[in-house]
There are 2 protein chains.
Amino acid sequence: MTELTIGDIGEHRAIEEIQKVSPSRHNGDDAAVLGHASPNSRVVVTTDMLVEGRHFRMDWSTPEQIGHKAIVQNFADIQAMGARPTAALLALSAPPSTPVSVLRGIARGIALRVADFSAELVGGDLTSGDHLVLSVTALGSLGGNLPELTIDRARPGQKVVASGEIGHSAAGLALLERYGTDFPREFAPLVAAHRTPSLVPGRGMVARSTGATAMTDNSDGLTADLGLMAQRSHVRIDLDPEAIRPSALMEEAAALLDADPWEWVLCGGEDHTLIATTATDVPSGFRTIGSVHKGPEDITIGGQSPAHRGGWVSF
Amino acid sequence: MTELTIGDIGEHRAIEEIQKVSPSRHNGDDAAVLGHASPNSRVVVTTDMLVEGRHFRMDWSTPEQIGHKAIVQNFADIQAMGARPTAALLALSAPPSTPVSVLRGIARGIALRVADFSAELVGGDLTSGDHLVLSVTALGSLGGNLPELTIDRARPGQKVVASGEIGHSAAGLALLERYGTDFPREFAPLVAAHRTPSLVPGRGMVARSTGATAMTDNSDGLTADLGLMAQRSHVRIDLDPEAIRPSALMEEAAALLDADPWEWVLCGGEDHTLIATTATDVPSGFRTIGSVHKGPEDITIGGQSPAHRGGWVSF
């Protein structure tokens with residue numbers, strides 16, 4: 001039995017398949033008209049493209065997982081401004097031979113994740129191409145008068161706080177690279193962190209409303225992301241080695257793979273962990289992982305230069 | 001002398017090249033925070049993906065022209081709701097071997113076109129991939145209490161009005177397919193309509209403010225786009241053959257290519273001509289091309305079934 005492909009059913013029915021999984025009042029015209037914004041709110045917008053073979057592999061992730069990840073990495077950028085994700089658009093290029101079930105799976109992964117945030121898939125575009133390419137745009141709402149949480153507003157004397165694991169996604173990727181999907185089951189949480197990174201709704205708003213001034217998410221790697229924050233804010237960011245120490249599970253995986261788990265912590269990205277700086281109490285759901293200082297625009301670990309530097313770069 | 005490529009300069013400098021051409025106050029963080037919207041306005045959003053070899057060819061169009069077209073096709077969708085384009089995002093996948101000059105050219109084409117609308121490129125993403133893929137998202141603002149111009153609100157008794165040429169882009173494409181860039185110079189306006197379709201700022205708002213109820217743009221082809229409007233609005237749309245008759249230049253090109261110019265008019269898309277229905281005066285910049293009737297949800301030409309049907313489909 002051969003599986004039905006996008007080429008078999010054509011563009012219009014393929015789009016209907018997505019809309020069935022992700023119904024929206026706003027969809028189906030030249031453009032989507034969103035509802036009136038809350039008074040005194042501003043729109044926040046970001047886009048991220050995922051290319052098959054570079055950002056995901058069909059033999060490592062299910063279509064649902066790919067859809068999930070595409071939403072998380074975009075919504076994390078919205079949350080990192082202190083805003084609330086409200087809507088997403090999906091532009092998708094796919095070979096005509098792509099099974100309709102793959103399309104449905106991606107749409108389902110997107111729909112589930114978007115629903116977690118009470119957001120909505122409001123539009124998109126579907127086109128043929130040699131590779132699967134997902135381009136997601138996320139919109140969010142930033143309410144009230146507090147400034148947004150930019151990357152250039154870390155201030156000496158503040159704490160650095162994080163919400164989520166650091167390095168788990170890189171460990172999971174290393175396991176997939178070594179074992180494919182036959183990785184030892186005890187490491188499932190690490191592989192899950194890579195395939196379906198978690199992102200808790202509301203965390204960005206909590207950080208903003210409790211006094212954080214700067215925030216970003218751990219997408220390119222800890223030293224890369226916080227190094228950029230240090231540069232843009234003209235501060236030194238010192239991380240507490242105890243607070244970012246690799247977890248026991250990461251240590252085990254590293255022993256098995258003969259890898260250095262500190263490299264995962266310091267250079268692995270894609271955890272999409274929110275990292276903020278604040279002079280007040282630690283926001284609910286966050287923990288302290290370091291402090292902000294005057295001095296050279298750099299990142300240090302317990303006052304020392306990091307053992308590993310770098311992170312994801314596209315070229 | 002070898003040309004500098006994106007792979008040579010790396011992701012960060014490549015992004016800086018785009019930002020130099022298209023500076024924005026909103027750019028450079030996890031996400032872009034837009035300014036406060038005008039009171040009683042709503043956000044309109046759309047996305048369109050262009051894949052090299054399918055939607056454009058590097059030997060037929062300059063990078064500037066590709067950037068131009070990517071903005072026009074997205075801003076046309078915003079205008080087709082009766083809204084004003086305000087911002088754009090660009091997600092771009094490119095092979096590392098892509099010359100930096102190509103990136104700069106695309107960015108310049110985008111910047112110029114965006115500036116025509118007093119809009120701004122507020123963010124984006126740059127990633128490596130085997131093909132050049134541009135995914136543009138456009139945002140717009142829909143002010144006031146009048147409803148947006150949807151595709152399902154054409155009403156019997158209305159006029160059909162259009163702003164722009166119909167079929168010129170398809171004629172230009174046919175010339176490029178036959179001659180490449182060595183097409184006879186007298187047909188330059190047709191080729192220009194394909195490479196750099198024009199879109200006049202404000203036309204969508206004019207239509208909305210003067211009483212139009214339905215609008216779309218001619219992106220997939222006249223019978224496809226208006227056929228969808230007829231279906232969704234449960235009306236028959238009759239076009240006046242005199243009003244949509246191929247231009248003299250199209251007739252000449254058709255004679256040369258041994259083609260039927262009516263096929264360009266009826267099935268060619270990508271003109272991005274705004275087509276609206278209204279019961280009141282013809283909006284400024286528009287001309288009457290037909291009328292809306294009760295009856296079978298279809299499109300007719302002078303009361304007859306069109307000689308050609310169909311249009312662009314992705315699969």
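1. In this predicted model, 64 residues of chain A touch 64 residues of chain B. Together the two chains bury about 5100 Å². Carbon and sulfur atoms account for 59% of that area.

2. Polar links also cross the interface. The rule finds 26 residue pairs in polar contact between chain A and chain B, both partners at pLDDT 80 or more. The salt-bridge count between the two chains is two. One salt bridge joins D130(A) to R54(B). Their closest N and O atoms lie 2.8 Å apart.

3. Next, the chain A side of the contact. β2(A) supplies the largest share, ten residues. By class, this side of chain A has 30 nonpolar, 22 polar and twelve charged residues.

4. β1(A) pairs with β2 (residues 41-51) of chain B. The pairing is antiparallel and runs over two bridges. To find it, look for A32(A), whose bridge partner in β2(B) is V45(B).

5. That pairing belongs to an open sheet of five strands, ordered β1(A)-β2(B)-β5(B)-β3(B)-β4(B). Pairing within the sheet is mixed. Which strands stand at the edges? They are β1 of chain A and β4 (120-128) of chain B. Each has a single partner strand, so one side of each lacks a neighbour in the sheet.

6. A helix of chain B covers part of this sheet's strands by contact: α3 (residues 100-116) packs on the sheet and touches β3 (84-94), β4 and β5 (133-143) of chain B. The direction of α3(B) makes about 160° with that of β4(B).

7. Chain B also holds an open sheet of six strands, in the order β7-β9-β6-β10-β8-β11. Its pairing is mixed. The edge strands are β7 (212-217) and β11 (299-301) of chain B, and each pairs on one side only. Neighbouring strands are turned by 25° against each other on average, with direction ignored.

8. D238(B) has S291(B) as its bridge partner in β10(B).

9. Helix α7 (residues 222-233) of chain B packs on this sheet. α7(B) touches β7, β8, β9 (274-278) and β11 of chain B. Its direction makes about 145° with that of β7(B).

Technical notes: Residues are numbered from 1 along each chain as its sequence is written. Chains are lettered from A and ligands numbered from 1 in the order in which they are written. This is a predicted model: local features need pLDDT of at least 70, side-chain atom pairs count only at pLDDT 80 or more; totals for chains, interfaces and linings use all residues. Side-chain values use heavy atoms; hydrogens and water are left out. Contact means heavy atoms within 4.5 Å. Buried area is the accessible area (1.4 Å probe) that two parts lose on being put together, summed over both. A salt bridge is a side-chain nitrogen of Lys or Arg within 4 Å of a carboxyl oxygen of Asp or Glu. A polar contact is a pair of N or O atoms within 3.5 Å; within protein, one must be able to donate a hydrogen and the other to accept it, and residues adjacent in sequence count only if both atoms are side-chain atoms. Helices (H or I, at least four residues) and strands (E, at least two) are DSSP runs, numbered from the N terminus. Ala, Val, Leu, Ile, Met, Phe, Trp, Tyr, Cys and Pro count as nonpolar, Asp, Glu, Lys and Arg as charged, and the others, Gly among them, as polar. Two strands pair if DSSP finds at least two bridges between them. Axes are lines fitted to C-alpha atoms, for helices over the stretch in contact, and angles run from 0 to 180 degrees between N-to-C directions.
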